[in-house]
Amino acid sequence: MSRVQLALNVDDLERSIAFYAALFGTAPAKTEPGYANFAITEPPLKLVLIESPGRGGSINHLGVEVADTGHVDAEQARLRSAGLASVDERGITCCYAEQDKFWVENAPDGERWEIYAVLRESAAFSASPSACCGAAG
């Protein structure tokens with residue numbers, strides 16, 4: 001299973017949850033303080049909402065969620081052979097989940113792309129806020 005991830009900064013999380021639940025016809029798969037995500041089947045999309053007052057309506061980051069670490073490794077090798085550098089993060093806690101992932105560097109317009117697999121859920125948004133996607137977006 002792979003699906004594109006779109007992480008948005010939102011001003012008002014509750015208002016945004018209501019809007020996207022109506023738009024996609026599904027409730028969030030996960031909600032935490034300042035955070036929600038939707039695992040949308042059709043179209044296949046992981047929509048992440050990160051409460052960031054004053055930055056609503058902007059993209060926090062983009063990503064591709066893959067099934068497991070083997071797929072993360074395969075994508076990293078494929079992109080490396082295409083000349084794209086990456087920043088490796090393994091066993092990192094981010095967005096209420098422990099993940100193995102990497103960030104693709106040098107996108108043409110500075111957009112942030114991650115390729116990641118969720119290893120397990122976490123009670124914390126991040127073990128290190130400066131290392132998590134919400135802090136740098």
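**View 1. Strand β1 is largely enclosed in this predicted model.** Strand β1 covers residues 3-10. Six of its eight residues are buried, so the rest of the structure largely encloses this strand. Buried here means under 20% relative accessible area.

**View 2. Strand β1 pairs with strand β5 in the antiparallel sense.** Strand β5 spans residues 59-65. Six bridges join β1 and β5. Look for Ala7: its bridge partner in β5 is His61.

**View 3. Strand β1 also pairs with strand β4, in the parallel sense.** Strand β4 runs through residues 45-51. Seven bridges link β1 and β4.

**View 4. The largest pocket holds about 160 Å³ of space.** Its lining is made by 17 residues. Which of them lie nearest the centre of the pocket? They are Tyr35, Asn37, Lys46, Cys95 and Val118.

**View 5. Strand β8 gives the largest share of the lining of the largest pocket.** That share is four residues. What classes of residue make up the lining as a whole? Nine are nonpolar, four are polar and four are charged.

Terms used. Residues are numbered from 1 along each chain as its sequence is written. This is a predicted model: local features need pLDDT of at least 70, side-chain atom pairs count only at pLDDT 80 or more; totals for chains, interfaces and linings use all residues. Side-chain values use heavy atoms; hydrogens and water are left out. Buried means under 20% relative accessible area, exposed over 50%, partly exposed in between (1.4 Å probe, protein chains only). Helices (H or I, at least four residues) and strands (E, at least two) are DSSP runs, numbered from the N terminus. Two strands pair if DSSP finds at least two bridges between them. On a 1 Å grid over the protein atoms alone, a cavity is a set of points where a 1.4 Å probe fits but cannot get out, and a pocket is an open set with protein on both sides within 12 Å along at least five of seven lines; lining residues have an atom within 4 Å of a point. Grid points are joined across faces, edges and corners, and a volume is the space filled by probe spheres set on the points. Ala, Val, Leu, Ile, Met, Phe, Trp, Tyr, Cys and Pro count as nonpolar, Asp, Glu, Lys and Arg as charged, and the others, Gly among them, as polar.
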